[in-house]
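Student: Hi! I've just opened a new structure and could use a hand finding my way around. Can we go through it together?
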Amino acid sequence: MSDKDDYIVALKATNNLIDELMEDDLNAGAAYTGIITAAVYRLILGGDAKQDVVGIIGASMASAAAHIEMQDDFLKDIH
């Protein structure tokens with residue numbers, strides 16, 4: 001698979017996890033904080049350099065904003 005395919009698979013899998021957590025009536029703020037904390041923790045733990053971690057976080061924030069702006073069709077099932 002390509003990097004883009006891997007990205008879409010990870011994006012949709014994470015969205016499915018969020019849906020499951022919301023269906024279990026978890027507090028949305030706590031659930032999102034837990035997901036983001038786990039992802040950042042893993043990035044920091046596995047990253048060789050802080051600038052790599054900051055770059056990934058920045059790129060993901062930019063991607064999220066772009067997806068919202070472009071209203072991507074492949075994300076239409078994501079709430």
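Student: Let's start with H67. Is H67 buried or exposed?
Tutor: Good place to start! Keep in mind that this is a predicted model. H67 counts as buried because its relative accessible area is 15%, and the cut-off for buried is under 20%.
Student: Which helix does H67 lie in?
Tutor: H67 belongs to helix α3, which covers residues 50-70.
Student: And what does the side chain of H67 make a polar contact with?
Tutor: With the side chain of Y7, in a polar contact of 2.6 Å.
Student: Nice. Stepping back, how many helices and strands does the protein chain have?
Tutor: There are three helices and zero strands. From the N terminus on, the order of elements is α-α-α.
Student: How much of the chain is buried?
Tutor: Buried residues account for 11% of the 79 residues. The chain exposes about 6,300 Å², with carbon and sulfur atoms supplying 61% of that.
Student: Switching to charges: which residues form the negative surface patch?
Tutor: That patch is made by E20, E23, D24 and D25. E20 sits in helix α1, residues 3-23. E20 is classed as partly exposed because its relative accessibility is 47%.
Student: What about A28, where is that?
Tutor: A28 is in helix α2, which spans residues 28-46. A28 is also partly exposed, at 32% relative accessibility.
Student: How far is the C-alpha atom of A28 from that of I18?
Tutor: Those two C-alpha atoms are 8.9 Å apart, and the residues are ten apart along the chain.

Methods:
Residues numbered from 1 in each chain as written. Predicted model: local features only at pLDDT ≥ 70, side-chain atom pairs only at ≥ 80, totals over all residues. Heavy atoms only, no water. Patch = residues over 30% accessible without salt bridge, like charges linked within 9 Å, V, L, I, M, F, W, Y side chains within 5 Å. Areas by Shrake-Rupley, 256 points an atom, 1.4 Å probe, with all protein chains shown as cover. Salt bridge = Lys/Arg side-chain N within 4 Å of Asp/Glu carboxyl O. Lys, Arg positive; Asp, Glu negative; His and termini not counted. Charge placed at Lys NZ, Arg CZ, Asp CG, Glu CD. Helix = DSSP H or I, 4+ residues; strand = E, 2+ residues; numbered from the N terminus. Buried < 20%, exposed > 50% of the residue type's maximum accessible area, 1.4 Å probe, protein only. Polar contact = N/O pair within 3.5 Å; in protein donor to acceptor, adjacent residues only side chain to side chain.
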